[in-house]
Amino acid sequence: MLESDVEKHLCKRVKNELHGWALKFVSPGQNGVPDRIVLVPMGRIYFVETKAPGKKLRKLQEWVCGLIKGLGFAILRLDTKDKVDAFVREVMSNGI
């Protein structure tokens, strides 16, 4: 499975089941930002880095994710469709 497969699955589930947006996050001048900013009803925001199964974050990605987490935002690394599904279930039950 490719990273793009996980990312497409995330976008589809967020749109169809969470009624939200999984916006592509591109930040000129700042490398290492997560792939998606997920916006769902009731003002909930999640930063999501998608990866191919078993792939790890690069050092810069770890650093940037640490900064975002330090600001109090939820940040996740999802590397399988099953993990995407678990994320969606958790959000639907008002978790995370």
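The dialogue below goes through the terms used for this predicted model and how each one is reached.

Student: Which ground rules apply here?

Tutor: Residues are numbered from 1 along each chain as its sequence is written, and side-chain values use heavy atoms, with hydrogens and water left out. As this is a predicted model, local features need pLDDT of at least 70 and side-chain atom pairs count only at pLDDT 80 or more, while totals for chains, interfaces and linings use all residues.

Student: How do you know how many helices and strands the chain has?

Tutor: Helices (H or I, at least four residues) and strands (E, at least two) are DSSP runs, numbered from the N terminus. By that count the chain has three helices and four strands, in the order α-β-β-β-α-β-α.

Student: What makes the chain as compact as a globular protein of its length?

Tutor: The radius of gyration is taken over C-alpha atoms, and the globule rule is 2.2 Å times the number of residues to the power 0.38. For 96 residues the rule gives 12 Å and the chain has 13 Å, which is close, so the chain is as compact as a globular protein of that length. The C-alpha trace spans about 30 × 30 × 20 Å along its principal axes.

Student: Why is the pair of tyrosine 46 and phenylalanine 87 called edge-to-face?

Tutor: Rings of Phe, Tyr and Trp (its six-membered ring) pair if their centres lie within 6.5 Å; planes under 30 degrees apart count as stacked, over 60 as edge-to-face and the rest as tilted. Here the centres are 5.3 Å apart and the planes are at 85°, so the name edge-to-face follows from the cut-offs. This pair links distant parts of the chain: tyrosine 46 is in strand 3 (residues 44-50) and phenylalanine 87 in helix 3 (residues 81-92), 41 residues apart.

Student: Are tyrosine 46 and phenylalanine 87 buried or exposed?

Tutor: Buried means under 20% relative accessible area, exposed over 50%, and partly exposed in between (1.4 Å probe, protein chains only). Tyrosine 46 has 2%, so the residue is buried. Phenylalanine 87 also has 2% and is therefore buried. Of the 96 residues of the chain, 39% count as buried.

Student: What makes phenylalanine 47 and phenylalanine 73 an edge-to-face pair?

Tutor: Their ring centres are 5.5 Å apart and their planes at 75°, so this pair is edge-to-face. Phenylalanine 47 lies in strand 3 and phenylalanine 73 in the loop between helix 2 (59-70) and strand 4 (74-78), so the pair ties together parts 26 residues apart in sequence. Phenylalanine 47, at 10% relative accessibility, counts as buried, whereas phenylalanine 73, at 34%, is partly exposed. Ring pairs link Phe25, Phe47 and Phe73 into a cluster, and the structure holds three aromatic pairs.

Student: How do you know that methionine 1 is exposed?

Tutor: Its relative accessibility is 52%, so methionine 1 counts as exposed. This residue sits in the segment before helix 1 (3-17). Leaving aside neighbours within four places in sequence, methionine 1 is in contact (heavy atoms within 4.5 Å) with Val6, Ala52, Pro53 and Lys81.

Student: What is the phi of histidine 19, and what is that of methionine 42?

Tutor: Histidine 19 has a positive phi of about 55° although it is not a glycine; this residue lies in the loop between helix 1 and strand 1 (21-24). For methionine 42, also a residue other than glycine, phi is near 75°, and its place is the loop between strand 2 (36-40) and strand 3. Histidine 19 has 62% relative accessibility, so it counts as exposed; methionine 42, at 70%, counts as exposed too.
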